[in-house]
Amino acid sequence: MTAFSAVDVITIKRDGGTLSNDAITWVLEAYDRGEVADEQMSALLMAIFFNGLGPQELLTWTDRMIASGERLDLHGLSRPTVDKHSTGGVGDKISLILAPLVASCGAAVPQLSGRGLGHTGGTLDKLESIPGWRAFLTNDEMRDQLESVGAVICAAGAGLAPVDKKLYALRDVTGTVESIPLISSSIMSKKIAEGTHALVLDVKVGRGAFIKTIERARELASTMVALGTQHGVATVAQLTSMDQPLGRAVGNALEVLESVDVLQGRGPNDVRELTIGLAEIMLELVGIDVDPAAKLDDGSAYEVFRQMIKAQDGDPDAELPVAVHKDVVLASRDGVVQTVDALKVGVAAWRLGAGRARKEDSVSAGAGVMCLVREGDRIEVGQPLFELFADDEEHLTRGRDTIGDAVTVGDEPAAQERILLEKITK
Ligand code: URA
């Protein structure tokens with residue numbers, strides 16, 4: 001292939017021009033080989049941040065990220081494969097319930113997941129609070145478990161879209177994360193490389209999400225749906241509200257316990273409603289006509305969850321870690337809860353020890369927040385709003401200092417929460 005000049009590629013994008021397929025292929029391959037420097041790629045990412053990528057540029061950019069690593073082949077399984085990806089929220093434990101639920105309805109769910117960074121938790125961190133559970137599987141183990149159990153949640157291997165890992169780390173330190181083409185290509189390159197045949201995208205919008213407006217969420221959703229469809233993956237996006245935390249539990253072991261509650265037919269309504277809503281879309285995509293609500297209520301989904309945990313050496317009957325330092329935040333007035341700010345609760349859980357600031361940090365299994373009220377609840381002065389859990393006094397103080405005004409109380413009735421907002425199919 002012709003060698004390009006990195007400076008030429010940067011200036012074309014800086015000036016609002018269109019990059020050729022060859023220029024994109026060259027720049028991503030040369031960056032992967034270490035021949036384009038981080039500072040040059042940073043400049044290109046910033047140019048893309050401001051000037052975007054056209055549909056053909058985005059397709060090529062995504063293709064080259066996929067081609068930088070391995071692509072799993074999930075053909076030949078006895079069940080159709082369908083996965084879900086969430087753009088990340090506070091208290092978002094849906095994968096833990098959804099994967100076994102959809103498997104109990106007859107599909108295979110390959111969930112290659114990540115760890116949490118900042119105020120949103122990671123699915124692997126949550127499952128790792130179960131004694132013995134192991135996140136790393138070989139490709140063969142994953143395939144075998146998909147066939148025998150129907151659901152796998154495991155770590156995405158380093159082989160999937162490795163250029164994305166380098167680019168994501170660079171975007172994180174150069175203020176270029178919040179770009180629709182860069183987010184879309186990053187998420188979709190990994191999901192397409194994972195080999196799933198169908199995909200539901202849970203695009204979160206609101207205070208606790210990194211997309212704050214419905215217009216941006218629509219744009220992100222339709223860009224990702226188009227990329228999936230162009231690659232032969234049947235893709236639908238569901239926009240969902242992330243103004244207040246999902247469910248009551250925010251924190252690793254706390255969220256596993258709440259997930260088990262929902263898997264046993266109980267648990268908070270919003271978690272159940274969102275899980276069932278996403279399951280219905282997933283099942284429709286792969287042509288399975290089974291009612292997921294019935295599978296939650298009759299224990300089938302919980303049974304698959306237990307098998308999924310055992311297959312990865314976890315003990316589904318083990319006691320989960322509990323943080324010993326506890327505090328309760330009380331209401332300072334009577335009234336109606338107007339907001340429970342998901343971002344503030346997420347940051348508090350992180351400060352309590354449930355999340356990490358850097359990739360290398362470890363997380364506390366037991367730390368977190370239990371949210372005891374929801375928007376619209378009528379409360380009285382002195383009523384408990386949050387329970388905080390931490391492994392030591394220092395973390396407890398940090399969490400308490402952060403959660404301060406996460407709840408606002410007024411006299412007006414608050415608007416009714418809607419969790420499922422819009423479905424985007426193209
Ligand atoms: N998640 C990803 O994997 N990539 C992004 O760019 C943003 C969120």
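Biologist: In this predicted model, which residue of S11 is the bridge partner of Cys-371?
Modeller: Phe-386 in S11 is the bridge partner of Cys-371.

Biologist: What makes strand S9 and strand S11 a pair?
Modeller: Two strands pair if there are at least two bridges between them. Strand S9 (residues 368-371) and strand S11 (residues 384-390) have four bridges, in the antiparallel sense. Therefore they count as paired.

Biologist: Where do S9 and S11 sit in the sheet?
Modeller: The order is S6-S9-S11-S7, an open sheet of four strands with antiparallel pairing.

Biologist: Why are strand S6 and strand S7 called edge strands?
Modeller: Strand S6 (249-250) and strand S7 (325-330) each pair on one side only.

Biologist: Which helix lies across S6, S9 and S11?
Modeller: Helix H15 (residues 342-354) does, running at about 140° to S9.

Biologist: Now Asp-83, in strand S1 (residues 82-86). Why is Asp-83 called buried?
Modeller: Buried means under 20% relative accessible area. Asp-83 has 0%, so Asp-83 counts as buried.

Biologist: What is Asp-83 in contact with, leaving aside neighbours within four places in sequence?
Modeller: The contacts include Val-109, Pro-110, Lys-191, Glu-194 and Met-282.

Biologist: How do you know whether Leu-146 is buried or exposed?
Modeller: The cut-off for buried is under 20%. Leu-146, in helix H7 (residues 139-148), has 1% relative accessibility, so Leu-146 counts as buried.

Biologist: What is Leu-146 in contact with, beyond four places in sequence?
Modeller: Among its contacts are Leu-74, Leu-77, Arg-79, Val-109 and Pro-110.

Biologist: What separates the C-alpha atoms of Leu-146 and Met-46?
Modeller: They are separated by 40 Å, with the two residues 100 residues apart along the chain.

Definitions and conventions: Residues are numbered from 1 along each chain as its sequence is written. This is a predicted model: local features need pLDDT of at least 70, side-chain atom pairs count only at pLDDT 80 or more; totals for chains, interfaces and linings use all residues. Side-chain values use heavy atoms; hydrogens and water are left out. Helices (H or I, at least four residues) and strands (E, at least two) are DSSP runs, numbered from the N terminus. Buried means under 20% relative accessible area, exposed over 50%, partly exposed in between (1.4 Å probe, protein chains only). Contact means heavy atoms within 4.5 Å. Axes are lines fitted to C-alpha atoms, for helices over the stretch in contact, and angles run from 0 to 180 degrees between N-to-C directions.
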